[in-house]
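Hi there,

Here is the structure I promised to send you. Have a look at it first, and then read my notes below.

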Amino acid sequence: MYVTQKSTGLVCPKDAGDVVERKSRRGTAFYGCANYPDCDFVLWNKPVLEPCPQCQSTFLVEKVTKRHGRQLLCNTEGCDDVRTEELTTA
Ligand SMILES: [Zn+2]
Ligand SMILES: [Zn+2]
């Protein structure tokens with residue numbers, strides 16, 4: 001193993017591998033299966049271990065935008081579950 005991989009706690013829905021945080025060449029963080037390149041599961045948003053209320057997905061992804069704040073979205077194709085949470089400033 002050539003880079004430090006931070007586990008996200010998410011289990012890959014394709015082959016039950018560990019989903020780990022990775023950095024692209026540009027320094028952008030993304031999340032991919034530890035079995036890459038055998039498994040091509042990848043997420044561009046941070047996974048959150050919360051089941052989707054609308055489909056069978058066991059996780060949602062987090063997206064933070066200036067306009068909408070923190071959003072939890074479902075990663076499943078065809079599922080449009082989106083939840084916007086107010087950003088609380090501590
Ligand atoms: Zn996988
Ligand atoms: Zn869903």
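Let's start with one residue, Gln56, which sits in the loop between β5 (46-48) and β6 (60-65). Keep in mind that this is a predicted model. Is Gln56 buried or exposed? Gln56 has 9 C-beta neighbours inside 10 Å, and because a residue with 12 or fewer is called exposed, Gln56 counts as exposed.

Now for the whole protein. How many helices and strands does the protein have? There are zero helices and eight strands, so the order of elements from the N terminus reads β-β-β-β-β-β-β-β. Along the principal axes, the C-alpha atoms fill a box of roughly 40 × 30 × 20 Å. Of the 90 residues in the protein, 9% are buried. If you take contacts between residues at least 6 apart in sequence, 18% of them join residues at least 24 apart.

Six residues from domain 1 and six residues from domain 2 take part in the contact. On the domain 1 side, strand β1 (residues 6-11) provides the largest share, with three residues. That side of domain 1 has four nonpolar residues, two polar ones and no charged ones.

Enjoy exploring, and write back with any questions!

Best wishes

Key. Residues are numbered from 1 along each chain as its sequence is written. Chains are lettered from A and ligands numbered from 1 in the order in which they are written. This is a predicted model: local features need pLDDT of at least 70, side-chain atom pairs count only at pLDDT 80 or more; totals for chains, interfaces and linings use all residues. Two residues are in contact if their C-beta atoms, placed from the backbone, lie within 7 Å. Helices (H or I, at least four residues) and strands (E, at least two) are DSSP runs, numbered from the N terminus. Ala, Val, Leu, Ile, Met, Phe, Trp, Tyr, Cys and Pro count as nonpolar, Asp, Glu, Lys and Arg as charged, and the others, Gly among them, as polar. A residue is buried if 20 or more other C-beta atoms lie within 10 Å of its own, exposed if 12 or fewer, and partly exposed in between; C-beta atoms are placed from the backbone.
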